[in-house]
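Subject: Structure handover

Hi,

Here is the structure I promised to pass on to you.

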Amino acid sequence: SGIVSGILSKLDSDVLLIQELQDDQQEQDIMRMLDTALPGSNWTIAMSPKGTGLRSAVATRLKATPATGFNSIRRVDDLDRIVKAAGLMIITADNTRLLAVSLHLRCCGGLHGPEDMARISETLAIREAIMQAVSDDGPDVLVIGGDMNLVASPVPLDILRVNGQTMLGT
């Protein structure tokens, strides 16, 4: 759409963390939108798996490869449930290895309710995926963003940020 292209053009970002993608949207759809907004760019995109109705993605114009551990993240309490998270290992202009993670946690609910417990389970699974990517890909920097839906408690955010530097091995 023209509005999205206009915003993306003005942002002129090298890395985008994207949420609220529909299950039927493909990498090619995102590529087409980004090419319309920023012609001549060579985008690399990683998307969360289909199956939840919504998907997340990371897109970059920098050199990148899919981060290990993110191809099919499952909730730790319910292995049938897919987690909406995507990761890319990005090499920045100064050769910094950046792990970029885009996520979309379960919405709604109240403190200690099933939705809050689902968010906690999702962030535990995402943290495991991050640790796998750190072990396999050795990033220098970690960026996590997205729709965390922190409607009830800060616990999901705490799970992602506690000992962040230690998670990177520094």
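A few ground rules before that. This is a predicted model, in which local features need pLDDT of at least 70 and side-chain atom pairs count only at pLDDT 80 or more, while totals for chains, interfaces and linings use all residues. Residues are numbered from 1 along each chain as its sequence is written, and side-chain values use heavy atoms, with hydrogens and water left out.

**The three-stranded sheet**

Let's start with an open sheet of three strands, ordered β1-β3-β2 and paired antiparallel. β1 (15-22) and β2 (44-47) are at the edges with a single partner strand each, so one side of each has no neighbour in the sheet. On average, neighbouring strands here are turned by 20° against each other, direction ignored.

Some terms, since they come back throughout: helices (H or I, at least four residues) and strands (E, at least two) are DSSP runs numbered from the N terminus, and two strands pair if DSSP finds at least two bridges between them. As background, strands of a sheet pair through backbone hydrogen bonds, either parallel or antiparallel.

β1 pairs with β3 (residues 54-60) over six bridges, in the antiparallel sense. Along the way, Leu 21 sits opposite Arg 55 of β3.

Helix α2 (residues 27-37) lies across β1, β2 and β3, at about 140° to β2. Axes are lines fitted to C-alpha atoms (for helices over the stretch in contact), and angles run from 0 to 180 degrees between N-to-C directions. Contact means heavy atoms within 4.5 Å.

With a relative accessible area of 0%, Ala 59 is buried (buried is under 20%, exposed over 50%, partly exposed in between, using a 1.4 Å probe and protein chains only). Setting aside neighbours within four places in sequence, Ala 59 has contacts that include Val 15, Ile 18, Leu 34, Trp 43 and Leu 88. Gly 87 is 28 residues from Ala 59 in sequence and 9.3 Å away in space, C-alpha to C-alpha.

**The four-stranded sheet**

The other sheet I looked at is open too, with four strands in the order β4-β5-β6-β7 and mixed pairing. β4 (63-66) and β7 are its edge strands, each pairing on one side only. From one strand to the next, the twist averages 25°. β5 and β6 pair antiparallel over eight bridges, and Ala 86 has Ser 102 in β6 as its bridge partner. α3 packs on this sheet and touches β5, β6 and β7, its direction making about 160° with that of β6.

Helix α3 spans residues 114-137 and contains Asp 116. Asp 116 counts as buried at 1% relative accessibility. Beyond its neighbours within four places in sequence, Asp 116 contacts Gly 110, Leu 111, Ala 152 and Ser 153. Asp 136 is also found in α3, but Asp 136 is partly exposed, at 44%.

**Two asparagines in loops**

Asn 95 is in the loop between β5 (84-91) and β6 (97-104). Its phi is near 65°, a positive value in a residue other than glycine, and Asn 95 is exposed at 59%. Asn 149, in the loop between β7 (141-147) and α4 (155-161), has a positive phi of about 50° although it is not a glycine. Asn 149 is buried, at 17%.

**The pocket**

The largest pocket holds about 180 Å³ of space. A pocket here is an open set of points on a 1 Å grid over the protein atoms alone, where a 1.4 Å probe fits, with protein on both sides within 12 Å along at least five of seven lines; lining residues have an atom within 4 Å of a point. Grid points are joined across faces, edges and corners, and the volume is the space filled by probe spheres set on them. Among the lining residues are Thr 52, Arg 75, Arg 81, Lys 84, His 104 and Glu 122.

Cheers
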